[in-house]
Amino acid sequence: MKVVVASKNPVKISAARKGFELNFPGVNINLEGVSVPSGVPDQPMGSQETYDGAYNRAVAARKLNPEADYWIGLEGGNIAHGEEMEVMAWIVILSKDKLGKGRTAGFFLPQKTIDLVKQGYELGKADELVHGIQNSKQKMGSSGLLTDNLIDRESFYVPAVIFALIPFKKVDLY
């Protein structure tokens with residue numbers, strides 16, 4: 001089975017691999033990461049913009065590698081709730097004839113981070129400034145920083161990958 005992940009980020013690639021391995025045990029999964037545009041701002045705001053980014057990435061990956069079996073877009077975004085800000089991500093998986101989608105849980109950012117995001121910083125850069133750690137996007141992410149790695153970025157994404165694979169596992173229902 002060939003799977004193309006619409007990202008070169010090792011955390012997103014690993015989360016995709018784990019989700020596919022859990023859903024397809026014993027299947028040889030050839031997984032490749034590619035860099036493609038999301039078509040949305042670097043820091044998507046709102047559920048729809050975040051979903052659009054994941055969908056656009058999956059479509060772009062399919063155009064780049066049409067011979068694959070699955071293409072997966074993972075896009076993290078923020079949702080404003082008044083003065084608060086929730087972090088979440090959409091996962092979109094395409095096959096030649098189906099679309100699956102899943103969303104992560106959400107969690108809320110501390111005020112210092114919200115202030116930086118509102119100033120135009122991407123969440124990863126805001127995290128670096130608040131927590132004094134470099135390249136957290138390719139490590140534990142915001143979820144890991146705020147939960148002392150009880151839920152790092154990879155484990156944050158894996159359940160949503162599993163949810164996005166439901167239509168491909170329950171073909172009699174979808």
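Modeller: Helices (H or I, at least four residues) and strands (E, at least two) are DSSP runs, numbered from the N terminus. This is a predicted model, in which local features need pLDDT of at least 70, side-chain atom pairs count only at pLDDT 80 or more, and totals for chains, interfaces and linings use all residues. Residues are numbered from 1 along each chain as its sequence is written, and side-chain values use heavy atoms, with hydrogens and water left out.

Colleague: In which helix is E154 found?

Modeller: E154 is found in helix 6, residues 153-164.

Colleague: Why is E154 called buried?

Modeller: Buried means under 20% relative accessible area, exposed over 50%, and partly exposed in between (1.4 Å probe, protein chains only). E154 has a relative accessible area of 16%, and therefore counts as buried.

Colleague: What makes the pairing of the E154 and S14 side chains a polar contact?

Modeller: A polar contact is a pair of N or O atoms within 3.5 Å; within protein, one must be able to donate a hydrogen and the other to accept it, and residues adjacent in sequence count only if both atoms are side-chain atoms. The side chains of E154 and S14 are joined at 2.5 Å.

Colleague: Which residues does E154 touch, not counting those up to four places away in sequence?

Modeller: With contact meaning heavy atoms within 4.5 Å, E154 touches V11, S14, A15 and K18.

Colleague: How do you know whether V34 is buried or exposed?

Modeller: The relative accessibility of V34 is 6%, so V34 counts as buried. V34 lies in the loop between strand 2 (30-33) and helix 2 (47-64). Leaving aside neighbours within four places in sequence, the contacts of V34 include V4, V5, A6, A61 and L64.

Colleague: Why does Y174 count as exposed?

Modeller: Y174 has 54% relative accessibility, and so it counts as exposed. Y174 lies in the segment after helix 7 (166-169), and together with F163, I166 and L173 makes a nonpolar surface patch of about 440 Å².

Colleague: What makes the radius of gyration agree with that of a compact globule?

Modeller: The radius is taken over C-alpha atoms, and the globule rule is 2.2 Å times the number of residues to the power 0.38. For 174 residues a compact globule would have a radius near 16 Å; the protein has 16 Å, so the two agree. The C-alpha atoms fill a box of roughly 45 × 30 × 30 Å, taken along the principal axes.

Colleague: How many helices and strands are there?

Modeller: The protein has seven helices and six strands, and buried residues make up 50% of its 174 residues.

Key
Patches are made of residues with over 30% relative accessible area and no salt bridge: like charges are joined within 9 Å, nonpolar side chains (Val, Leu, Ile, Met, Phe, Trp, Tyr) within 5 Å. Accessible areas come from the Shrake-Rupley method with a 1.4 Å probe; for residues, only the protein chains shown count as cover. A salt bridge is a side-chain nitrogen of Lys or Arg within 4 Å of a carboxyl oxygen of Asp or Glu.
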